[in-house]
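Student: Hi, could we go through this model together? I'd like to hear about its charged pairs first.

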Amino acid sequence: MNNTNLYQIIAQNIKKQRQLKGWTQVKLAMESNISVEYLKKIETKSGCTKQFSIDTIEKISIALEIDPKELFNKIEKVDMLWTHLLFIFLNHYHFRNNLYL
């Protein structure tokens with residue numbers, strides 16, 4: 001998998017899907033019934049060396065309303081860049097229109 005382990009792929013996809021919904025880590029943690037600190041560890045590179053359970057993947061995918069299989073697809077850096085830009089736009093839009101997630 002080219003120096004990218006499975007945990008990193010899942011972590012990148014969790015972050016991508018969260019940002020596509022325009023959600024903060026706090027919102028996803030609340031919806032997944034996991035702690036914000038744990039979600040932050042999952043989404044960071046340092047946390048990707050740690051193991052997280054299938055149960056956690058299921059909780060997150062249910063909250064994101066996606067098939068858990070989507071979290072296992074390798075994503076390209078360009079895809080992450082567009083996702084990040086969309087997240088910035090959504091947050092700016094919500095902030096300007098007093099719509100808080």
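Tutor: Happy to! Lys59 and Asp55 both sit in helix α4, four residues apart, about one turn of the helix; helices are DSSP runs (H or I, at least four residues), numbered from the N terminus. Please keep in mind that this is a predicted model, where local features need pLDDT of at least 70, side-chain atom pairs count only at pLDDT 80 or more, and totals for chains, interfaces and linings use all residues. Residues are numbered from 1 along each chain as its sequence is written, and side-chain values use heavy atoms, with hydrogens and water left out.

Student: What do the side chains of Lys59 and Asp55 form?

Tutor: A salt bridge, at 3.8 Å from N to O. The term means a side-chain nitrogen of Lys or Arg within 4 Å of a carboxyl oxygen of Asp or Glu. In general, side chains of opposite charge can pair when their charged atoms come close.

Student: How many salt bridges does the count come to?

Tutor: Four, by that rule. One of them joins Lys21 and Glu65, with the closest N and O atoms 3.5 Å apart. Lys21 is in the loop between α1 (6-20) and α2 (25-32) and Glu65 in the loop between α4 and α5, so this pair ties together parts that are 44 residues apart in sequence.

Student: Is Glu65 buried or exposed?

Tutor: Glu65 is exposed, at 67% relative accessibility, while Lys21 is partly exposed at 29%. Buried means under 20% relative accessible area, exposed over 50%, and partly exposed in between (1.4 Å probe, protein chains only).

Student: Where do Lys27 and Glu31 lie?

Tutor: In helix α2, four residues apart, which puts about one helical turn between Lys27 and Glu31. They form a salt bridge too, with the closest N and O atoms 3.2 Å apart.

Student: New topic: is Ser61 buried or exposed?

Tutor: Buried, with a relative accessible area of 1%. Ser61 belongs to helix α4 (residues 54-64).

Student: And which residues is Ser61 in contact with?

Tutor: Setting aside neighbours within four places in sequence, Ser61 contacts Ile66, Pro68 and Leu71; contact here means heavy atoms within 4.5 Å. Also, a polar atom of the Ser61 side chain lies 3.0 Å from the backbone oxygen of Glu58.

Student: Last one: where is Leu86 found?

Tutor: In helix α5 (residues 77-96). Leu86 is partly exposed, with a relative accessible area of 34%.

Note on methods
Helices (H or I, at least four residues) and strands (E, at least two) are DSSP runs, numbered from the N terminus. A polar contact is a pair of N or O atoms within 3.5 Å; within protein, one must be able to donate a hydrogen and the other to accept it, and residues adjacent in sequence count only if both atoms are side-chain atoms.
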